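Dear colleague,

Please find below the structure that I am handing over to you.

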Amino acid sequence: MNESTNNASGTTPALEVSGLRFRYDDGPWVIDLDQLTLGPAEQILLTGGSGFGKSTLLQLIAGLLDPSEGTIRVAGEDMHRRRGASRDIYRGRNIGMIFQTFNLLPGFSALENVMLALMVSDRPKSEHRNHAGALLAELGIDDPGTSPDRMSVGQQQRVAVARAIACEPPLVLADEPTASLDPDNTQAAMDMIQRTCEAHGAALVCTSHDPVLEGRFTRIESLVKSLVGVPL
């Protein structure tokens with residue numbers, strides 16, 4: 001099976017969700033989503049308070065959880081049909097992830113954190129260092145040899161964004177990316193995330209319960225509605 005990211009044309013949706021339902025064991029439905037489609041480079045904000053499944057939905061899209069029912073296609077392919085390393089490679093090449101706590105690896109420099117993401121890419125290994133360095137420079141990181149634990153929160157987030165788009169994925173998932181930031185830094189961080197995704201042609205799914213972010217997106221959907229029978 002071809003692992004390349006080149007399986008999607010410019011008109012293939014970055015994300016297609018259909019009939020998606022998920023629950024843990026025999027508990028209540030955490031996700032009950034009729035349909036959600038995201039076109040190439042489109043950006044969407046998913047809202048909903050704690051407990052309405054925002055992080056769970058992103059884990060399902062990323063293939064970290066398997067749906068109880070329904071299908072999820074990323075760049076035209078149902079990655080849940082893949083198993084093990086095949087799914088991990090497909091995820092690494094087609095989905096960039098920005099976490100609330102960044103999840104940068106300690107003991108590695110900013111440059112090395114981005115280079116690690118490139119291990120699953122089609123890009124020749126000889127180009128990894130230069131490509132990672134160029135992405136960090138694009139995002140304002142002037143000293144890529146610095147360990148993230150010696151960086152400010154804003155700088156760490158820039159490294160996380162560079163890592164997320166390192167493989168030029170068609171889809172980026174951002175899970176509450178500004179939850180730990182003050183209002184001024186929230187706006188700057190979202191400027192960077194949205195601008196970077198747009199520049200690299202990546203669709204963006206962002207989750208947040210912060211109403212301040214709603215003015216930044218032309219498409220906003222509520223997961224609260226999906227759990228009371230109103231399809232997204």
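**The nonpolar cores**

The largest nonpolar core has 34 residues, and those with the most contacts inside it are V114, L136, V159, I193 and L204. A nonpolar core here is a set of buried Ala, Val, Leu, Ile, Met, Phe, Trp, Tyr and Cys residues joined through side-chain atoms within 4.5 Å; buried means under 20% relative accessible area, exposed over 50%, and partly exposed in between, with a 1.4 Å probe and protein chains only. At least two residues of this core come from each of α3 (110-117), α4 (128-138), α5 (153-164), β7 (171-175), α6 (183-199) and β8 (203-208). Helix α5 supplies the largest share, 5 residues. Helices (H or I, at least four residues) and strands (E, at least two) are DSSP runs, numbered from the N terminus.

Beyond its neighbours within four places in sequence, L136 is in contact (heavy atoms within 4.5 Å) with A110, L111, V114, I141, P144, V159 and A162. Apart from this core lies another, of 30 residues, among them A14, L20, L36 and L65.

**Basis of the values**

The model is predicted: local features need pLDDT of at least 70 and side-chain atom pairs count only at pLDDT 80 or more, while totals for chains, interfaces and linings use all residues. Residues are numbered from 1 along each chain as its sequence is written, and side-chain values use heavy atoms, with hydrogens and water left out.

**The antiparallel sheet**

Four strands form an open sheet in the order β2-β1-β4-β5, with antiparallel pairing; two strands pair if DSSP finds at least two bridges between them. At its edges are β2 (31-38) and β5 (77-78), each of which pairs on one side only. Strands β1 (residues 15-22) and β4 (residues 69-74) run antiparallel and are joined by 5 bridges. R21 has E69 in β4 as its bridge partner. Helix α1 (residues 54-61) packs on the sheet, where it touches β1, β2 and β4, and its direction makes about 120 degrees with that of β1. Axes are lines fitted to C-alpha atoms, for helices over the stretch in contact, and angles run from 0 to 180 degrees between N-to-C directions.

In helix α2 (residues 84-94), the residues R87, Y90, R91, R93 and N94 are buried. The buried residues of α2 pack against β4, β5, β6 (95-98) and β7. Strand β6 is covered on both faces, with I95 and M97 buried on one side and G96 and I98 on the other. Strands β6 and β7 pair in the parallel sense over 4 bridges, and G96 stands opposite V172 in β7.

The largest pocket is lined by 18 residues, of which G92, I95, M97, A117 and R163 lie nearest its centre. On a 1 Å grid over the protein atoms alone, a pocket is an open set of points where a 1.4 Å probe fits, with protein on both sides within 12 Å along at least five of seven lines; lining residues have an atom within 4 Å of a point. Its volume is about 490 Å³, taken as the space filled by probe spheres set on the points, which are joined across faces, edges and corners. The largest share of the lining, 4 residues, comes from α2.
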